[in-house]
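Subject: Structure for you, with notes

Hello,

Here is the structure to go with the sequence. My notes follow below it.

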Amino acid sequence: MSEADVGTAEAVAKGNCDFDLIIVGAGFAGMYMLYRARGLGLSARVIEAGSDVGGTWYWNRYPGARCDVESMQYSYQFDDKLQQEWNWSERYAPQPEILSYAQHVAERFDLRRDIQFNTRVQAAVFDEQSSCWRIGTSDGGSHTARFCVMATGCLSSTNLPDFKGLDSFQGDTYHTGQWPHEDVDFNGKRVGVIGTGSSAIQSIPIIARQAEHLTVFQRTPNYTVPAHNGPIDQDYVARVKAEYPAMRARAKTMISGLDFEPNMASALDASAEEMQAQYEAKWAYGGIPFLGAYGDLLLSEKANDTAADFVRGKIREIVDDPEIAELLSPGNVIGCKRLCVDTDYWATYNRDNVSLVDVSGTPIERITPAGVQVDGREYAFDAIVFATGFDAMTGTLLKMDIRGLDGQSLREKWAEGPKTYLGLSIAGFPNLFTVTGPGSPSVLTNMLPSIEQHVDWISDCLAYMRSHGHDRISPSTEAEAEWVNHVSQTADLSLRSTCSSWYVGANIPGKPRVFMPYMGGFPAYVDKCDAVSANGYQGFALS
Ligand code: N01
């Protein structure tokens with residue numbers, strides 16, 4: 001059976017679909033979509049590649065993995081009892097605890113009975129005659145559904161660069177985004193880590209404590225601020241729980257969807273002393289709110305330099321060897337790539353068993369049977385960790401053979417970059433929804449509220465269609481083009497679009513350079529989505 005030739009012939013002939021809804025992925029988005037679909041009385045099946053729920057937190061089990069959004073905010077808000085009863089142990093939850101939370105939600109709402117695990121969706125084809133999506137899966141099966149929701153995550157396709165000799169390495173290899181379920185013991189081992197993104201910055205301090213020797217291969221230095229993680233303050237928990245809905249409502253007024261107090265003043269208006277005090281206070285508080293030190297850090301390069309200089313000063317203060325400190329100091333815009341949040345990252349380079357290899361000018365030549373070769377020199381390892389990131393936002397969607405009207409493939413449609421209406425839907429692909437897709441704020445916000453907002457919007461749309469007797473919805477090409485244009489213009493306003501990051505697909509050879517997430521902020525985006533639905537799904541054709 002070809003990828004495009006999937007489906008249940010009988011269902012297609014009858015014009016009925018097996019399910020109202022097929023949801024791809026059982027991370028936080030897929031689980032909540034299933035919960036809402038059930039609430040609407042719709043039949044739904046979730047198809048998940050992993051053996052359990054959790055998505056990102058199922059796959060990313062590397063040492064030190066934890067969320068860079070504080071626990072009390074990185075959680076569902078749709079069920080007040082759930083948010084009151086769940087207890088986080090740390091300010092920033094570690095991966096095993098977030099995974100336990102996802103598993104708890106699955107059990108609490110009895111979700112697993114509608115989830116098919118260990119199954120990867122390979123194709124999704126819209127059949128015009130029956131108006132069903134036909135979903136082909138890795139086990140050779142297929143199902144049809146009236147609607148298909150891609151809840152496939154933004155960072156779910158790992159990127160393993162095509163290093164020469166990759167398969168020749170005789171030791172163990174790991175990718176941070178596909179970490180084994182069994183314990184990995186680096187004790188007494190010589191370990192190489194390739195990459196210095198968030199995953200590397202979290203895992204390096206822990207691997208360094210275990211390994212006999214750790215060598216880090218850095219192509220681009222990265223900014224990171226301390227997490228100051230620790231046991232969660234129980235008084236703070238009590239305060240938040242006493243006013244959870246108010247806190248969630250405040251968060252929704254913030255560009256990032258996070259409840260914190262940014263300083264909207266310009267860095268350029270502050271005196272040197274004020275600025276130093278402000279950055280010190282933000283550094284002492286820790287985490288991503290560092291970028292809220294001033295209102296123009298992502299708008300003005302001059303303002304941004306002040307924050308970047310402060311962090312470079314911290315690197316010089318913490319790292320003993322001035323040459324290593326210099327190598328570790330990023331020269332680009334802080335916050336342009338995703339700001340990292342760490343525990344003991346810079347100080348790790350003071351350890352005798354850690355060395356840094358700069359591969360910015362002399363790229364990794366090859367992986368050899370013994371290790372990694374750079375500039376003619378071979379570094380021998382027992383294990384190599386690829387912390388080389390993801391084919392973000394579009395990678396997972398484009399791995400599937402998705403075909404809409406007239407057999408048009410999504411790969412063809414997005415050959416020059418993703419085109420969506422609101423990051424929720426795609427012209428020419430009726431009844432297909434993407435949760436936190438390209439063109440929505442997604443990765444620039446706290447993902448959980450963004451996921452809930454999308455799933456709520458989709459659920460309301462399905463309810464509206466049912467009550468109005470519609471069974472097909474598709475955005476117009478004009479509405480989509482207008483939105484794509486708006487997303488691109490908004491991106492140009494921020495410094496974030498100016499560097500080579502995964503936000504623009506720069507980390508994947510041949511990927512079109514398009515700033516993928518919507519930069520207009522969570523509140524403006526929600527207003528737009530709400531206006532679209534309030535106006536009878538403006539920009540969509542319903543039939
Ligand atoms: O991936 P990355 P990540 N030779 O793409 C390097 C989220 N996240 O998994 O910068 C040598 O950021 C690459 O170098 P360069 C978060 O949104 C969140 O770390 O391209 N090096 C870079 O250093 C984050 O942004 C959390 O020059 C090569 C690294 O590999 C996103 O996931 C934790 C190379 C990849 O960094 C991705 O983070 C973890 C090559 N050929 C992740 N190819 C938290 O919540 C790539 N690199 C805390």
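The ligand comes first. The shell around the ligand divides into nine nonpolar, nine polar and five charged residues. Here Ala, Val, Leu, Ile, Met, Phe, Trp, Tyr, Cys and Pro count as nonpolar, Asp, Glu, Lys and Arg as charged, and the others, Gly among them, as polar.

Before going on, two notes on the source. This is a predicted model: local features need pLDDT of at least 70 and side-chain atom pairs count only at pLDDT 80 or more, while totals for chains, interfaces and linings use all residues. Residues are numbered from 1 along each chain as its sequence is written, and side-chain values use heavy atoms, with hydrogens and water left out.

**Ligand site**

Thr-196, Ser-199, Arg-219, Thr-220 and Lys-337 come nearest of the 23 residues around the ligand. A residue is near if one of its heavy atoms lies within 4 Å of the molecule or strand in question. Helix 6 (residues 198-210) gives the most to this shell, with three residues. Helices (H or I, at least four residues) and strands (E, at least two) are DSSP runs, numbered from the N terminus.

Backbone atoms reach the ligand too. A backbone N or O atom of Thr-196 is 2.8 Å from a ligand oxygen. For Ser-198, a polar backbone atom is 2.9 Å from an oxygen of the ligand. For Arg-66, the distance from a polar backbone atom to a ligand oxygen is 3.5 Å. The ligand alone exposes 910 Å², and the protein buries 88% of that. Accessible areas come from the Shrake-Rupley method with a 1.4 Å probe; for residues, only the protein chains shown count as cover.

**Nonpolar cores**

The largest nonpolar core has 78 residues, and Phe-28 and Trp-457 touch the most other members. Such a core is a set of buried Ala, Val, Leu, Ile, Met, Phe, Trp, Tyr and Cys residues joined through side-chain atoms within 4.5 Å. Helix 15 (residues 447-467) gives the most to this core, with nine residues. A second, separate core of 53 residues includes Tyr-223, Leu-291, Tyr-294 and Val-385.

Beyond four places in sequence, Trp-457 contacts Leu-424, Phe-433, Cys-529, Val-532, Ser-533, Tyr-537 and Phe-540. Contact means heavy atoms within 4.5 Å.

Is Tyr-537 buried or exposed? Tyr-537 is buried, at 3% relative accessibility. Buried means under 20% relative accessible area, exposed over 50%, and partly exposed in between (1.4 Å probe, protein chains only). Tyr-537 sits in the loop between helix 17 (522-534) and strand 20 (540-542). Its phi is near 65°, a positive value in a residue other than glycine. Most residues other than glycine have a negative phi.

Arg-91 lies in the loop between helix 4 (80-85) and helix 5 (95-108). Arg-91 counts as buried, at 16%. The Arg-91 side chain makes a polar contact with the side chain of Glu-70 at 3.1 Å. A polar contact is a pair of N or O atoms within 3.5 Å; within protein, one must be able to donate a hydrogen and the other to accept it, and residues adjacent in sequence count only if both atoms are side-chain atoms. The side chain of Arg-91 also reaches the backbone oxygen of His-228, at 3.5 Å.

His-228 is partly exposed, with a relative accessible area of 39%. Phi of His-228 is also positive, near 50°.

Best wishes
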